Structure formats: C-alpha cells, structure tokens
Amino acid sequence: MINTVEHFIDGKRVTPSSSTTFADINPATGEVLAEVGMDEVAAAEAAVQSSANAFRGWSETPVGDRCQVLFRYKELLEQHFDELTQMIVDEHGKTIAEARGDVRRGIDCVEYACGAPSLMMGRTLPRIAVSTSFSREREEGIPLDSSLERVPIGVCVGVTPFNFPIMVPLWMWPMAVACGNTFVLKPSEKVSLCALREVELAYEAGLPSGVLNMVTGGPDVVNHLLTHNDVKAVSFVGSTAVAKHVYMTASVAGKRVQCMAGAKNTMIIMPDANQDAAIDGVISSSMGNTGQRCLAGSVAVLVGDAPDWFIPQIVEAAKKISVSKGDVSGCTMGPLIDDASVQRVNKAIEGGIEAGADLLLDGRETILPEGGSFVGPTLFDNVPHDSALAMEEIFGPVLSILRVDSLDDAIAVTHRSPYGNMAVMFTDSGYAANKFKDTAGAGMIGINVGVPAPMAVFPFCGWKDSFFGTLHSNGEDSVRFYTEGRILVSRWF
Ligand code: NAD
C-alpha cells in the first residue's frame, strides 16, 4: 500500500482525489515513496479560499505576534534538523552535507523574516509642505505631514522546484506571512513529502489555520492559482521555459510576479589563480548537488596557459568523487532526481562528442550503484563555443571546458549566454576581477568563490533569462515584493 501525499488545507491534512498521480521516488533506489495527486484543481480552489478567509485576521495580527510564531518555527526546524535532512536525502537524493545545507540556508530565511517588525517599517517626513490657502484668517501656514506605510497585499502563491526541497519554499512563505499575507504553496511533485513536513511544522509552531496552505499538483493546478481572482502575488522558481509561461500568465491576470529561472553559469580561470582554490571551487560548483543547482558553474573558461595546471588537477579531483546513495559513508555525490534526468545528461554527453569536444572523463562509465538514477562526474575539454554543451542548461554533473587567449575573450563568452544568474572568476589580479565584475553580465558574481550564493539578507539577483520580474526573492526585495506601499498625506487644523 503506497502512501499518498496529502494537501495541507485550513490547518489539516486533506486526502487528494485526482485520478492522475505522480510517483514520488527515492532516486537512489527507485523505491516509490508516495503517490502525488496531480489534477487537484478543487483542492487548489479550497486552498485559495482558506487563505482568503484567513487574510483579514492574520493581516490585523500585530507584526510582532506574527513573528513570535516564526521564532517558534525556527526552534522547531532546529529540533527537526536531522529528520528534515534525512527526508531530503531520501526524496531528493542529496548527500547528507548538501541536505544539511538545504535546511540551514532555509532556516536563515526564517530568521531574516523574524525581523519583519523592523524590515516592513515605513518612513515619515513631517512638514513636507505648508498649506496657506485653506484659511486666510490664519497667519501661520498649516503643515502637511507625509508618510509611507508598508502593508500586506493578500493571498500570495509560491510554485517551487525540486532541487532545494526545504530551502526554496522558505525563500517565500515565511517573509510573506511575516508581512501579514496568507500563502498557498504548490511544491514540486518530486519533493512534495519534504514540503508537507515543512508546512506541518509551521502549524506545530502555532500558525493559525489558513495562513499557509499547501496543495500538490501539476500544470492545471498552477494555472488555476496563477489566474485566480483572490490571488495577488506569485513567486515562482524553476526552469526558464515554465518561468516564462508563469510570468506571462500571471502578469496578464494582473498579479505581481517574480520568477527565478534556469541558468548556464560561467567560471573564468586566469593563469595566476590560486590553484587549490580554483580546483576546489570549480569541482564544488559544477559537481555539487550532482550539478542540479541554478548556481552550478557548468562552463569553465581557461585563459592563456591556465590549462597547463588546471586540466590534470581537475581530472584528478573529479575522479576522487564518490558516487552513491547520499547517506552512505564517504559519499560525495548522490543521484540525479530521476531516470529522465539521466537520459537528458547522457544525451548531452553524446551531443558533446558529436560536436567535437574532447571527453576527459565519461560519467556513463563510472562504476555506479544499481537501481538508482545515477551518472558520474563528466568533463569535456576544448568544447566548441557555440555547441549545446556550452550554451544550454544540462542540470547534471557535466563540466564543459573552453579555452581562450585573453581576459576579454573570456568575458565575451559569459556575455553570449542568454542567462545571467551567476559568473565566477578565479584570479590573483584585482584589475582582472574588477573588470570582470563590471562586464560579466550576471547578477551574482563570485571572485575566488565557486558558488556566490547570497545569504538570506541579500536578494537572489539573477539577470537576463534567469529572472523575470522586478523584485527578486530574499533580502529587502522580498519585503517590498510581499508588501504594498501606502502614502499618507495629512494636515490638522
Ligand atoms: P520545473 O520548471 O520543471 O518545475 C518547477 C515548478 O513548476 C514545479 O512545481 C512544477 O510542478 C511546475 N511546473 C512544471 N511544468 C509546468 C507547467 N507546464 N505549467 C505550470 N507549472 C509547471 O523546474 P524543476 O525541474 O523542478 O527545477 C529545476 C529548474 O529550476 C532548473 O532550470 C534550475 O535552474 C531552476 N532553478 C532556478 C533557481 C533560481 O533561483 N534561479 C533556483 C532553483 C532552481
């Protein structure tokens, strides 16, 4: 008897009713963990109604009281840290260390949202003008005072991807509810069990019914939420193709929208770079989370004679990666999320060979555990600059190495990408680093850092086809995204 992932509506678990289900598997073993209901439009409707009903009471609850729930929630997340870590390992396939990072970075977002009393404060400018025309009998002018208040906007929706099951939902709903909104979460069908537990713990912390609802489902559920009259704002994280659809559909329906999307990130290696830092940084960026990160550096651009030291060392480092189920001792790389991903990565490898790139290490030949969705670390050298390997997101452990003569040629490679999530440079030269920062054309820049992920206090600043919208997730942007500005101009006689 296989479990079904329930929805969480109005403060309780609700059994799905759809005839179409998705098999949520442990990607390291192929074991089916649960069935996920996909045609759940009726549940999505109930979730929005629940959030709409809860909005008034919650938005009128003092912000300090709202944050007390989040303080308790943070404590619960700490208490359940190991349980959540293991859930991520089982449902997503991450290594223990990666899963712990997923939970820790999520907790950072909850901590940041606990600062909502300061973060959503408005501003006042007394005596912004003086009115003289109202009463001619008065000698003195009447001052006008003006202030900006930040107020909640209503029901917000979050649609999240599979690759950070705990953290990415926590980019969204804690700040949204701290600011007085109510929220409907539609997590990835591939990691719905993690999301359900995350939501359930929020209720254990004392969140009132309806403030946070969760519904499972596929495109029909998402489309229902994007166009619902009672929904005011939509946050999305996922692939660029779906992000474009979500952005267009929800914008046309009059919603405030932020869509964090796909990526193809470049790392430039200068000949003068600290060699250990560069090798470590490139390996962790390209192979960490089995390459399934929007901040994965998947293209390394080697400048001048950097290949002389970089190539032998990167091959050696990649060969040391130990691929297995994430909680096996010594594991440094877990599986991909599913067999379809293995097929996609294998196709990318075949495409690279056909395009004439040199295969330095073939992940299809790694000795891999049986039964799961595994592929080993893969390295290509001399990758043609226009090939799919160099230009398209693979979302797997494949590093494409390109060679160029100069710093300017390397920066030109980053520019050609339609994406602009992140760009990284390893160098000893402040001049090169500054030139790179100013011209790379990406919103998150790493200097001698392989994964320049912003901590929760800063926005997640993707550019170009890696982001659609105006206000990013996290940091000050998220406070502005989840609040409406209200201007008050007043005078008294
Ligand atoms: P995905 O686009 O397949 O799915 C994301 C969400 O959209 C899921 O909840 C899914 O159920 C839903 N969805 C899928 N197809 C849909 C459709 N046709 N209509 C409406 N909803 C649909 O993404 P994924 O495979 O889960 O995640 C990987 C992608 O996410 C990668 O491209 C990665 O770069 C990106 N990502 C980006 C960021 C960022 O901050 N920029 C962070 C994490 C992941």
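This is a predicted model: local features need pLDDT of at least 70, side-chain atom pairs count only at pLDDT 80 or more; totals for chains, interfaces and linings use all residues.
Residues are numbered from 1 along each chain as its sequence is written, and side-chain values use heavy atoms, leaving out hydrogens and water.

Start with the domains. Domain 1 covers 7–120 + 150–261 + 466–487, and domain 2 covers 265–447; the bounds come from an automatic or database domain assignment. Their C-alpha centres lie 31 Å apart. About 1,800 Å² is buried between them, 56% of it from carbon and sulfur atoms. That area is the accessible area (1.4 Å probe) that two parts lose on being put together, summed over both.

One salt bridge is found across this interface. The term means a side-chain nitrogen of Lys or Arg within 4 Å of a carboxyl oxygen of Asp or Glu. The whole structure has 25 salt bridges.

Now look at helix 7. Arg-197 and Glu-200 both lie there, three residues apart, about one turn of the helix. Helices (H or I, at least four residues) and strands (E, at least two) are DSSP runs, numbered from the N terminus. The side chains of Arg-197 and Glu-200 form a salt bridge at 2.8 Å, N to O. Arg-197 counts as buried because its relative accessibility is 14%. Buried means under 20% relative accessible area, exposed over 50%, partly exposed in between (1.4 Å probe, protein chains only). Glu-200 is also buried, at 17%.
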